[in-house]
Amino acid sequence: YSLITTTTSFIIIMPASLSRVAYLLPLFVLCAHPVEFALAYSSNSGYSGKSITKTKTTTTTTSTSTRSRREAMQDLVSGVLTLGGTVAATTVALDAISVSAANAEDSSMYNPKFVQEYPDFTQTKSGWSYKDVKPGTSDIQASVGDRCVFEWSGYTIGYFGRPFEAKGGPKGGAFDKDLDYSRAIIGQHTVIPAVEEALADMKVGAVRQVVVPYGSLSYPESDREHDQMGPKPSTFSGQRALNFVLDNPRVDRTLLFNLKLVRVDKANGKGGFNRGT
């Protein structure tokens, strides 16, 4: 019998001679387990590791093995059965490893090891961080029910710092237009939690940089159009740049917002607002 190993990790065992039909051996194709099969065959047939070949002399033809062909067939079948048990055990072990890897990925989804840290920012109890660039020009702050009028820009700071909202960019570019002010009523959760908390803590005229980690403080997975919870990018290219990062668990999905609180419109108690200055 001949043992043939190919570069594609297949092992084929077939009769060395087809002269006698009674000793035809079915074709065994065993994928991706050459080592296990070699061990199984060796332990059952007493195979010493030498090549099984057919030698020919000028006077007679003999086999290098003294075992009968029938015994060799029985040993081969026994080896295949042993291999089946080995493959089953290996499959169970691989399944367990796969489940463990999946659980590990889930547990680190919101805080992977490659997320950058920003020590020059102050971290809040909620988990977002900020740095005040410019102090406010008045002591007016927003309360629950008040409307904040603000300017903003956003960047995928954890992924090459690409802008997804900006103004005053190069002519002909995605952000070459002046933008209208954005508005958010504190307590209505129309913007992501980190931005809402930051606006409520700012004074009119202040400029603040806000670092938002991926997760509950950022954009929700269920609203990739950003219609229910903003701030929403004003251009298609900006929304695409933002969603590319949010939908990719293999990159740092931390975001940076530049916020400027323009004014605070106080609620008048009648469903409207008194315009601030």
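**The salt bridges**

Modeller: Let's start with Asp 120, which is partly exposed at a relative accessible area of 47%; here buried means under 20%, exposed over 50% and partly exposed in between, using a 1.4 Å probe and protein chains only. Keep in mind that this is a predicted model, where local features need pLDDT of at least 70 and side-chain atom pairs count only at pLDDT 80 or more, while totals for chains, interfaces and linings use all residues. Numbering runs from 1 along each chain as its sequence is written, and side-chain values use heavy atoms, with hydrogens and water left out.

Asp 120 pairs with Lys 131 in a salt bridge, 3.3 Å from N to O (a side-chain nitrogen of Lys or Arg within 4 Å of a carboxyl oxygen of Asp or Glu). Lys 131 sits in strand S7 (residues 129–134) and Asp 120 in the loop between helix H2 (69–107) and strand S6 (122–123), so the bridge ties together parts 11 residues apart in sequence; helices (H or I, at least four residues) and strands (E, at least two) are DSSP runs, numbered from the N terminus. Lys 131 is partly exposed too, at 30%.

Next, Arg 224 bridges to Asp 247, with the closest N and O atoms 2.7 Å apart. Arg 224 is in the loop between S11 and H4, and Asp 247 in the loop between H4 and S12, so this pair links parts 23 residues apart in sequence. Arg 224 is buried at 16%, whereas Asp 247 is partly exposed at 48%.

Then there's Asp 227 with Lys 232, closest N and O atoms 2.7 Å apart. Asp 227 counts as exposed at 56%, and Lys 232 is partly exposed at 36%. The structure holds 9 salt bridges.
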